[in-house]
Amino acid sequence: MERVPILKLGDILIVSIQIDLDDQSVLALQEDLADRVVSSGARGVIIDITAVEIVDSFIGRMLSTIAAMTRMLDAETVVVGMRPAVAITLVELGLSLGGVRTALNLEKGVAALEHVRGTAG
Amino acid sequence: MNGPTEMPIATNGDVVLVRQKVRGLAAEIGLSLVDQTKIVTAASELARNALVHAGGGRVHIEVLHGARRPGLRLVFSDEGPGIPDLEQALTEGWSTGGGLGLGLSGSRRLVDEFDLVSAPGEGTRVTVTKWAR
């Protein structure tokens, strides 16, 4: 099983998925992220899926779970870099990723997190 | 050059290998990027189904040479418990595996042809086909 590295930039954790995720790696990432959010006190998480060629129901559920989980740990998650073909396929699969905030790229993801924190005071 | 291939589905890693194989062939026969993504996603769902519900199985992968266009056919089969109620299994949101219940119903929407054969105690066979446009 490969582990996805989690980088820290200020109070944001950045995860860029560069491997073909198997289900074990997906579950490990969820747990690693929950631990890191708590230990680092991060207020935001960015998951970059630019390199991810497919998002099936398992990976889709991971994104929803991470978003819900980090919210409970006082951090907002933004998924960035979804490929157009992945978005089309997800919708047809029946998965709309409700509750998951998205942004087109890393830069916009960081801006979205700053906006959230700004309005939250 | 593209004879039929048979791949085992026994581990999570095998699911990844199946995805990669399907991706390679889908690109080779000229499926659009969206159609490649759809068939690979369907393959991922169906391979995981075989692993989760039947403890494993295999996939038979074949490139079809239709009269006007090529296609890709995947046959997932297992010797698991089978599906007692096919109609229910194809209902969106219905799941026994603790998943979202999108595996079968969702996969059906992602392909051009979909065939499900199963009976209790006799395993399950799902055949999906995607044609180049």
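Predicted model: local features only at pLDDT ≥ 70, side-chain atom pairs only at ≥ 80, totals over all residues.
**The interface between chain B and chain A**

On the residue level, chain B brings 23 residues to the contact and chain A brings 20 residues.

Between chain B and chain A the tally is 6 salt bridges. One of these salt bridges joins the side chains of Glu53(A) and Arg23(B), at 3.2 Å from N to O. Residue pairs in polar contact across the interface of chain B and chain A number 11, counting pairs with both residues at pLDDT 80 or more.

As for where the chain B side comes from, helices H1 (12-28), H2 (33-54) and H4 (103-110) of chain B each put in at least two of the residues that touch chain A. H2(B) has the largest share, with 9 residues. Sorted by class, the side of chain B that touches chain A holds 7 nonpolar, 9 polar and 7 charged residues.

H4(B) deserves a look of its own. This helix is mostly covered, with 6 of its 8 residues buried: Gly103(B), Leu104(B), Ser105(B), Gly106(B), Ser107(B) and Leu110(B). In chain B, the buried residues of H4(B) pack against H2, helix H3 (86-89), strand E4 (113-118) and strand E5 (124-131), and they also pack against helix H3 (84-93) of chain A.

Terms used
Residues numbered from 1 in each chain as written. Chains lettered and ligands numbered in written order. Heavy atoms only, no water. Contact = heavy atoms within 4.5 Å. Salt bridge = Lys/Arg side-chain N within 4 Å of Asp/Glu carboxyl O. Polar contact = N/O pair within 3.5 Å; in protein donor to acceptor, adjacent residues only side chain to side chain. Helix = DSSP H or I, 4+ residues; strand = E, 2+ residues; numbered from the N terminus. Nonpolar A, V, L, I, M, F, W, Y, C, P; charged D, E, K, R; others polar. Buried < 20%, exposed > 50% of the residue type's maximum accessible area, 1.4 Å probe, protein only.
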